[in-house]
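Thanks for making time this morning.

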Amino acid sequence: MNYLRRRATGIFPLTCRVYLYAAGAGLAMALFSFLMELFSSYMSLRRLGMIPEATIFLTFVLIFPVVITCVNLLSLKRGLVTVACQRLTWILTVVAGTFDSMLYAAAFDMTWSSWQVQLYNSQVHEPIWEEALPTVITLVAIGVLGFVVLASFKLDKLSPIVIVTCIAATYVGSATLLAYSVQVMGRAPILALPSLNCVVMVVALIGEKVYEWSIDPEHHVGCYDGRGLMDRLNRRLSDSASWPLWALVASLPLLGIVLAVLTLFGQRPDYAVRAWTETADWALSTKEAPVNLTYDEHYLCTVAASGDAALVKPLRYGERHGHRIVVNRQLLVANAFENVLEEKMPRLHGVVRGLYDTYGFPVADLIRHSHIACDVTYVVMKPLEWLFLFVLYLVDVNPENRIAVQYLPPRA
């Protein structure tokens, strides 16, 4: 009995250590990024005078995930965290991690657009190839299923073969989560925090089950009596310290079976790898996306130029405040009219500009994420475009020349 206890506490399975080191390194980077984001976001809200909002943001969006991460790490050491607290933390990790991941993705302007799609400003493309998303979801689901079975059932209700299969399933899911963590780590380490926490949960659960099995004298190899292949298999699997290694071996055929089944639903075996490589902007990406264009998100004409190309009819690229933008006829006419107004009637221009900045900014901020709203804005502004054009032809000798030179880059 003492021998078994010493063996269980003194030897942590090599495979679990590999997962733990990988997750630990990632967590260190993610937490560092997390603390930097925490301080930056908190100070931004403080500068805006939003003290209550800053406190709520700091508590639920930033501090809470850090506390959950610390509890998950402490649960790796047996006895530091009660089982009830550990299980509650696991549930909070999944629920809060899902919620926070959506917030973090929005904060980093992450879209679910494929790498060929033209994006704007600081937007980034999808980190997972959309066509391979069913494969990724299935692999993670396999890992979740194995984890739930291991965590929900007592060991005396499961055979060693089932336990090893469940651990193999968690390996498949953990490898997928680690791949996602590597994918997003370079650009936004904070996005990897929830997935790395899940890997730590897997390591803690495997260590817990290995220990529980090894301290039960009924599971000692000497308690099994028999001959032949089944006896040898029983004896090998009854040594819980070898479960992680056996599970690693079993994870390969398990992965093969899952990928083979997925081919029946239109997926391909190589999608498990291409899910990460058929992307742009991320660590494992191999595609080169179009350079992001820049549009001034606070001006209605520029937002309207981001509508349906068949309607707004973009003409060319222009330059504004040092950034490349898309311009159409409406935007050029409006800017040429403002240019004339500033030259001929500077005081009136100041009043008009002040009114436009006051009411145009909030409206533009509301519609800039909707192509339909941009199209509607374009149509609504069409009469103003005609009015601007009439004024230009009325007061300018060469109105089309003035319109044509708008937003051209300055000559060197």
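This is a predicted model: local features need pLDDT of at least 70, side-chain atom pairs count only at pLDDT 80 or more; totals for chains, interfaces and linings use all residues.

In helix 6, the residues P160, I163, V164, T165, I167, A168, A169, Y171 and V172 meet W243, P244, W246, A247, L248, A250, S251, L254 and L255 of helix 9, where contact means heavy atoms within 4.5 Å. By class, the residues of this contact of helix 6 with helix 9 divide into 16 nonpolar, two polar and no charged; for the classes, Ala, Val, Leu, Ile, Met, Phe, Trp, Tyr, Cys and Pro count as nonpolar, Asp, Glu, Lys and Arg as charged, and the others, Gly among them, as polar.

Residues are numbered from 1 along each chain as its sequence is written, and side-chain values use heavy atoms, with hydrogens and water left out.

Two packed helices are described by the angle between their axes and the distance between the axes. For helix 6 (residues 160-185) and helix 9 (residues 243-263), the axes come within 7 Å and cross at roughly 65°; the axes are lines fitted to C-alpha atoms, for helices over the stretch in contact, and angles run from 0 to 180 degrees between N-to-C directions. Helix 6 and helix 9 are therefore roughly perpendicular to each other, given that angles under 35 degrees count as roughly parallel, over 145 as roughly antiparallel, 65 to 115 as roughly perpendicular and the rest as oblique. Their crossing is right-handed, the term for a near helix turned clockwise from the far one by less than a right angle, with anticlockwise giving left-handed.

How do helix 4 and helix 7 pack, and at what angle? Helix 4 (residues 83-107) and helix 7 (residues 193-214) have their axes 9 Å apart, at an angle of about 160°, and they are therefore roughly antiparallel to each other. The crossing of helix 4 and helix 7 is left-handed. On the helix 4 side, Q86, R87, W90, T93, G97 and S101 meet P194, N197, M201, A204, L205 and E208 in helix 7, and by class this contact has five nonpolar, five polar and two charged residues.

T93 is buried, with a relative accessible area of 5%, where buried means under 20% relative accessible area, exposed over 50%, and partly exposed in between (1.4 Å probe, protein chains only). Not counting residues up to four places away in sequence, T93 touches I68, N72, T98, N197 and M201, and its side chain reaches the backbone oxygen of T89 at 2.7 Å.

Returning to helix 6, V184 lies within that helix and is buried, at a relative accessible area of 0%. Beyond residues up to four places away in sequence, V184 touches P127, P189, L191, A192 and W282. The C-alpha atoms of V184 and L284 are separated by 8.7 Å, although these residues are 100 apart along the chain.

Now to the loops. E278 sits in the loop between helix 10 (271-277) and helix 11 (300-304), and at 14% relative accessibility it counts as buried. Apart from neighbours within four places in sequence, E278 is in contact with W115, W129 and K287. S114, in the loop between helix 4 and helix 5 (133-152), is 164 residues from E278 in sequence, yet the two are 8.7 Å apart in space, C-alpha to C-alpha. S114 also touches H125 and E126, again not counting residues up to four places away.

Buried residues make up 42% of its 412 residues, and among contacts between residues at least 6 apart in sequence, 71% join residues at least 24 apart.

Conventions:
Helices (H or I, at least four residues) and strands (E, at least two) are DSSP runs, numbered from the N terminus. A polar contact is a pair of N or O atoms within 3.5 Å; within protein, one must be able to donate a hydrogen and the other to accept it, and residues adjacent in sequence count only if both atoms are side-chain atoms.
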